[in-house]
Amino acid sequence: ISSSSDLAYFEMRGCDFDEHEESQYFLGNAKDFRVSKIYAVPHDGFLRNPVYEQLISSTLSLHDIQRLGLKYDNITLPVALMVLDQEKYPTLSRARKACRKGSILLHKGPLPQQSQESTETWTSPFSTLPKAGIDSRVQPNDVIARQVRMGGGFYPSLNYLPPPFDLPVVYEDDYFAIVHKPPGIVVYSHRNQGAGTKNVRSALPFVLQPPKRGTVEMLRRPQPVHRLDRPTSGLLLVAKTKPAHVDLTRQFVERAIKKTYCAIVNGIPDEPMETRISAEQAFQFGVDVARNGEGEEQIWQLIDYPLADSGSGSQKSAMTIWRALKYVPSLVATQGKLTLVELKPKTGRYHQLRRHLSWVLNTPIVGDKIYDGGHLSAMTFRARGLFLCSNKVALEHPFYNSDIGRQAWKELNVDVGRKYHEADGISHRIWYDEISEKVMIEAVIPLPSKFDALLQHEEARSIQFLSMSTTESGS
């Protein structure tokens, strides 16, 4: 490429981030990698470049400038990346990290002329280049390339058998998935944990489809974005591309992901007036509730009780919004009742729901070996496992809200702006929300069968006992 028009043509055909055919991207220097972005250094370097001048004057110290030997026509690769793409590389450490990961290639001098007739005759000027390092020097007319994984169509061969448990897929596309984690299974295995490959992360390549060929920055293997405790069952978010992983992580940090849990607790949780809130108030706290005018008016309870962080031990704000759904008599439960509750965590502290229900409401979750108090009633239920399930999640779609994702969303032509699917009580819907101007997705699963089984069993025993007592007193 020897002129600005040639460069513009190259960028249009080979380096934008749209979902074009994979063949329109130049080969990178490693298998399954393609060049997704190029930066051409001007022929006069960075002379009179305002971004370069600001960077030199405000970001880098005089010591760094002297140490790196920076001149307008000879700078280090990380500094060049910061000047050419401040959005992607806002800090020197971010630019250095990209270089160390092998994402950056450096072509010395202009790129060779390519035919504008067809990409089929193109040869990649980047396929034989070594990975550029943080000490590489950038000079006028050099071309910097960023490469990303775009293999698609398969996951790498695995040297282990599928883990011996089912992992149902609730929703899946090329960018992320939602799976249903069973109880008793860890999301990741840690050293000395003894789980080996019996974890969700190891099972994902066997149950998920790889992104289609040409999907930008696909992960080598799908990655869980958060965790659920070993005894907890329910919905788990999984990233299939790097941008999706970044966006889902952002949503967790910003508390944009709205999760719903259900639990059976031992006893009758107190519902004082001073902690009572309306559905509208609950909505303002940022949880997923039915607002006024969207069905039956709901009354909720608020727990605002700080909890110690598992790492530092410092107290941090912790908020849970909850309501009782059903009370069932039980011969062995505290106060003679088991209560089915719906829980909407505003924050995500370590064991937040389990600690709030036990320490604040004095009604621990049935089967909670850590927080149930260890008394006779609690011990009676322990063999049945923990009765806590993450049964609903609502979030912004991690791809369709990006610039290119919006275009892809329009091309889907979703009927009336929403797509709905339901089977066996498992459902998901995806739609464009006019208020937030975001493409949203929601997934719901039914509660595990053991929930109904326990409630029915305890209620039947209570009715039978009451009937026997009535008969005996009558005779």
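Is Arg-67 buried, partly exposed or exposed? Hi everyone, let's start there. With a relative accessibility of 48%, Arg-67 is partly exposed; buried means under 20% relative accessible area, exposed over 50%, and partly exposed in between, using a 1.4 Å probe and protein chains only.

Before going on, a word on the model. It is predicted, so local features need pLDDT of at least 70 and side-chain atom pairs count only at pLDDT 80 or more, while totals for chains, interfaces and linings use all residues. Residues are numbered from 1 along each chain as its sequence is written, and side-chain values use heavy atoms, leaving out hydrogens and water.

Back to Arg-67: its side chain meets that of Asp-64 in a salt bridge, at 3.1 Å from N to O. By salt bridge I mean a side-chain nitrogen of Lys or Arg within 4 Å of a carboxyl oxygen of Asp or Glu. The two residues sit 3 apart in helix α3 (residues 62-68), about one helical turn. Helices (H or I, at least four residues) and strands (E, at least two) are DSSP runs, numbered from the N terminus.

The whole structure has 16 salt bridges. Another of them joins Glu-342 and Arg-323, with the closest N and O atoms 2.8 Å apart. Glu-342 lies in strand β16 and Arg-323 in strand β15, so this pair ties together parts 19 residues apart in sequence. Glu-342 is buried, at 12% relative accessible area.
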